[in-house]
Amino acid sequence: MSDDKKIDGWKIPLYKIYTDDEDADAITKIIKRGSRWAIGPEIEEFENALKKFIGVDYCLALNSGTSALHASLIANSIGAGDEVIVPSFTFISTANSVVNSGARPIFSDIEKETLGLDPLYISEKISSKSKAIIPVDYAGQSCKIFEVMEIAKKNKIKVIEDAAESLGSKIRGRKVGSISDSAIFSFCGNKIITTGEGGAVVTNDKTVFEKIKLIRSHGRQDSVNYFDNPNQSKHIETGYNWRMSSITAALGIAQLSKLDMIIDKRREVASKIISNLTKFPEIITPKPSTDYFHIFQMFTIRLPNKQRRDDLHNFLTGKKIFSKVYFEPVHQTSFYSKYNKLELPQTEQISEQVLTLPLYPNMTKDEIYYLTNSISEFFEDWKEDNSYRKLICKILTSHITW
């Protein structure tokens with residue numbers, strides 16, 4: 001796709017998928033062979049490449065990140081009567097996976113540095129029913145996973161990391177996904193690499209690995225490809241159809257081969273945007289410490305308050321620039337507000353400040369300029385409007401006699 005082509009009427013979309021002929025060739029190869037579109041050799045090839053990249057013993061590809069998280073909970077024997085500590089500042093599937101497993105999500109507050117679970121509050125949420133913690137790595141940066149792991153080990157509960165947004169990010173030199181008991185990734189359309197839909201679980205736990213193999217394919221134990229086997233299969237547990245297709249896996253292999261380059265490009269674009277926004281004291285841009293390697297799956301800024309955030313969001317929409325709020329608090333949605341009434345001050349404050357701006361690997365200089373210049377225009381208009389209001393207020397109050 002050419003750089004100047006508009007997507008659905010937006011001058012600057014929120015994201016663009018990075019793709020090349022290698023991706024198309026990979027899919028075409030599967031289609032032309034006319035067989036094994038499911039359970040083909042590409043599945044295991046993709047899993048092997050991904051586990052090698054992360055540095056873990058096991059990897060399983062599934063049809064979505066949500067399925068990967070749900071399967072991980074089941075594989076860890078988490079269900080009815082159990083509690084799982086989760087952030088409210090996340091995509092709703094994090095909490096939904098817990099509910100759909102039969103367990104209860106216990107929402108805990110976040111911290112301002114990484115916008116992940118705050119270790120200071122996790123211990124307060126742990127009870128005799130607690131079976132796991134699901135920390136979330138927000139926007140392409142690790143949460144404080146080492147501190148979370150320390151708390152979990154002390155209390156003998158599992159950590160299933162929702163790393164859907166952070167494939168390739170690092171903390172203290174280690175890849176996200178290599179530290180927790182298990183971690184899940186997503187390959188849906190807006191992620192660092194994408195297969196349209198898709199997900200994966202990585203772990204060093206062989207028992208969890210073997211259980212998810214059964215869960216993702218109807219509890220079926222096969223030594224031969226199901227579609228090549230003329231005999232009856234052996235079903236030893238209940239399960240789901242959460243398999244990734246061969247076509248999807250082939251695309252994943254092609255995309256994964258470009259991951260480091262894509263990350264480099266995203267970080268380069270992010271650096272330029274940050275540089276152009278430093279003149280606005282009202283904006284907090286991502287500033288990861290040296291411990292963190294941020295991959296900028298999303299480029300999220302923070303504004304002073306909800307009104308300013310919403311005004312900028314609406315202004316950018318008017319300029320045909322796609323921006324979006326990631327995330328509204330899950331505990332305040334209609335279902336979960338009835339399910340679990342509580343206050344999470346940090347989550348609620350940050351959710352009113354965040355705004356995700358466009359960022360993609362092949363973002364042009366003109367697009368970066370149009371984005372940052374539009375933000376500059378917004379603040380100039382706001383200052384003029386604010387000065388006018390102050391002037392009117394001064395004029396009116398000057399005529400008041402006491």
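This is a predicted model: local features need pLDDT of at least 70, side-chain atom pairs count only at pLDDT 80 or more; totals for chains, interfaces and linings use all residues.
**Confidence**

The mean pLDDT of the protein is 93, and 93% of its residues reach 70 or more. Over residues 390-402 the pLDDT stays under 50, and the model has zero contacts beyond four places in sequence for this stretch.

**Nonpolar cores**

The largest nonpolar core holds 38 residues, and those with the most contacts inside it are Ile273, Leu277, Phe299, Ile301 and Ile375. At least two residues of this core come from each of α9 (259-277), β13 (299-302), α10 (306-318), β14 (354-357) and α13 (365-398). Another core lies apart from it; this one has 29 residues, including Leu62, Leu69, Val84 and Val208.

Within the largest core, Ile273 is one of the residues with the most contacts. Leaving aside residues up to four places away in sequence, Ile273 touches Phe299, Pro358, Leu359, Met363, Ile368, Leu371 and Thr372.

**A three-stranded sheet**

An open sheet is formed by three strands in the order β7-β6-β12, with antiparallel pairing. The edges are β7 (174-175) and β12 (292-293); each has a single partner strand, so one side of each is left without a neighbour in the sheet. Strand β6 (residues 170-171) is joined to β7 by two bridges, and Ile171 stands opposite Arg174 in β7.

Lys170 lies over the face of Phe293, at 4.7 Å from the ring centre. The charged end of Lys175 sits over the ring of Phe53, 3.8 Å from its centre.

**Aromatic pairs**

The whole structure contains 14 aromatic pairs. Two of them are listed here.

| Pair | Geometry | Centre to centre | Angle between planes |
|---|---|---|---|
| Tyr138 and Phe327 | edge-to-face | 6.0 Å | 75° |
| Tyr240 and Trp242 | stacked | 4.1 Å | 0° |

Tyr138 lies in the loop between β4 (130-133) and α6 (145-155), and Phe327 in the loop between α10 and α11 (334-339), so the pair ties together parts that are 189 residues apart in sequence. Both Tyr138 and Phe327 are buried. These two residues also belong to one aromatic cluster with Phe89 and Tyr326.

Definitions and conventions: Residues are numbered from 1 along each chain as its sequence is written. Side-chain values use heavy atoms; hydrogens and water are left out. A nonpolar core is a set of buried Ala, Val, Leu, Ile, Met, Phe, Trp, Tyr and Cys residues joined through side-chain atoms within 4.5 Å. Buried means under 20% relative accessible area, exposed over 50%, partly exposed in between (1.4 Å probe, protein chains only). Helices (H or I, at least four residues) and strands (E, at least two) are DSSP runs, numbered from the N terminus. Contact means heavy atoms within 4.5 Å. pLDDT is the predictor's confidence in each residue, from 0 to 100. Two strands pair if DSSP finds at least two bridges between them. Rings of Phe, Tyr and Trp (its six-membered ring) pair if their centres lie within 6.5 Å; planes under 30 degrees apart count as stacked, over 60 as edge-to-face and the rest as tilted. A charge sits over a ring if NZ of Lys or CZ of Arg is within 6 Å of the ring centre and within 35 degrees of the ring normal.
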